[in-house]
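I opened this notebook to record what I looked up in one structure, entry by entry. Each entry takes up one topic and notes what I found.

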Amino acid sequence: MTETTITQTAPILADQAHYLIATAGRAPSVHNTQPWRFRVSETAVELYCDPQRRLQADPAGREMLISCGAALFGLRLAVRSLGYQPVVELLPDPARLRLLARVSLGAATPMTAAGREMFRALPHRHTHRGAFGPGPLPAGLVAGLQHDALAEGATLAIVAPGLAYGRLSDIASAVGVPAHAFPATSRAARLRPRGRLPGRDFDLGRGFGLLDPEGPPPAVTAVLLTPGDNRADWLRAGQGLHRLLLHAASKWVFASLHTELLESTLIRALVRDRLALPGAPQMLLQLGAVDTTHPTGRRPPDDLIEP
């Protein structure tokens, strides 16, 4: 599933184009914004960002490009499911900032067993917001998820319980609650599930809709890192994120994603410094076993075609 420099390409048929776009559109995105569009030619599928779907809290488009990077991995996975090696040009035209990648069909190559497992997990992969099941993750899964991140040019750093997690939780608690909600934070803190980082406060600190504080905590807390903090890094982070989430989902392990804490460049630098991380933090994840699935709504492929 890594990018390749093979130059041989195969034509893209009309029915394949619809399938490729629909599969790519199942990628995770920040707050389910799905900020991507596609343009299909006879030989390639181009991925564009859709700034109209960018969050106001994301002026640089970092979260938008992480989401689009996830769609890029989904597109690559779709190409592999057709029996071809994806040929990827990342940021192919500096003069066209919305054009993020161009993907064509390379040499015929059977899909690997790992790729088939990830592909089968696509329908039930989702961002988890409820309680996790008890117990640790399956043996060897964490190492496998770290390998997934490395294969996409990223790093999955595990946040150890104790001092490191305490530092992260302290930062998240301060950032995750707006100033006007401070008088109600004691109740919100009491209601926060054990070991869960605070989520975005949509109800002004009143505690409505918060998760049940009972139940097992997440099995693993991790930070997805990239070597730098530019557009190419954000796209790599998205590809690594989707890859490891699909791998986890194939074992019925799901993640809650925490984005608000990392929206600010200064807070990202603070998290990197306080946790001594070897890269730029792009996404916080908490993982655990789940035996149910709740797929999110998807835009129809016809709505994803670039005019």
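The entries below go from the whole chain to single elements and residues.

**Entry 1. The chain as a whole**

I note at the outset that I am working with a predicted model. I looked up the secondary structure and found eight helices and eight strands in the protein chain. I then looked up burial: of the 307 residues, 49% count as buried. For the contacts with a separation of 6 or more, I recorded that residues 24 or more positions apart account for 76% of them.

**Entry 2. Helix α2**

I looked up the span of α2, which covers residues 62-81 and has 20 residues. From its first C-alpha to its last, α2 reaches 29 Å, close to the 28 Å expected at 1.5 Å a residue. I also asked how many of the residues of α2 are buried. The count is 19 of the 20, so α2 is largely enclosed by the rest of the structure. After the helix I found Gly83, with a positive phi near 90 degrees.

**Entry 3. Cys49 and Cys68**

I searched for disulfides and found zero in the structure. Seen from Cys68, the nearest cysteine sulfur is that of Cys49, and Cys68 is in no disulfide. For reference, I wrote down that a disulfide is a covalent bond between the sulfur atoms of two cysteines. I looked up accessibility for the two residues: Cys49 is buried at a relative accessible area of 4%, and Cys68 is buried at 0%.

**Entry 4. The two sides of α4**

I looked up which residues of α4 (141-151) are buried. I recorded Leu141, Gly144, Leu145, Asp148 and Ala149 as buried. These residues cover an arc of only 145 degrees around the axis, which puts them on the same side of α4.

I then asked what the buried residues of α4 pack against. The partners are the strands β5 (155-158), β6 (220-226), β7 (253-258) and β8 (280-289), together with the helix α7 (231-249). Following α4 is Gly153, whose phi is positive, near 80 degrees.

**Entry 5. Trp252 and Phe254**

I searched for aromatic pairs and found one in the structure. Trp252 and Phe254 form this pair, which is edge-to-face, with 5.7 Å centre to centre and 70 degrees between the planes. Are the two partners buried or exposed? Trp252 counts as partly exposed at 37% relative accessibility, whereas Phe254 counts as buried at 2%. I placed Trp252 in the loop between α7 and β7. Its phi is near 60 degrees, a positive value in a residue other than glycine.

**Entry 6. Asn32**

I also noted a positive phi, near 55 degrees, at Asn32, again in a residue other than glycine. Asn32 has its place in the loop between α1 (14-24) and β1 (36-40). At 32% relative accessibility, Asn32 counts as partly exposed.

**Entry 7. His126**

I located His126 in the loop between α3 (113-121) and α4. His126 is buried, with a relative accessible area of 5%. I asked which backbone oxygen the side chain of His126 reaches, and found that of His124, at 3.1 Å. Leaving aside neighbours within four places in sequence, I listed the contacts of His126 as Phe254, Ala255, Thr292, Thr293 and His294.

**Entry 8. Arg37**

I placed Arg37 in strand β1. Is Arg37 buried or exposed? Its relative accessible area is 18%, under the 20% limit, so Arg37 counts as buried. The side chain of Arg37 reaches the backbone oxygen of Asp303 at 3.4 Å. Beyond its neighbours within four places in sequence, Arg37 is in contact with several residues, among them Glu46, Tyr48, Asp50, Arg98, Arg299, Asp303 and Pro307.

Definitions and conventions:
Residues numbered from 1 in each chain as written. Heavy atoms only, no water. Helix = DSSP H or I, 4+ residues; strand = E, 2+ residues; numbered from the N terminus. Buried < 20%, exposed > 50% of the residue type's maximum accessible area, 1.4 Å probe, protein only. Polar contact = N/O pair within 3.5 Å; in protein donor to acceptor, adjacent residues only side chain to side chain. Contact = heavy atoms within 4.5 Å. Disulfide = S-S within 2.5 Å. Phe/Tyr/Trp six-rings, centres within 6.5 Å; stacked < 30°, edge-to-face > 60°. Expected span 1.5 Å × (residues − 1). Arc of directions from axis to C-beta.
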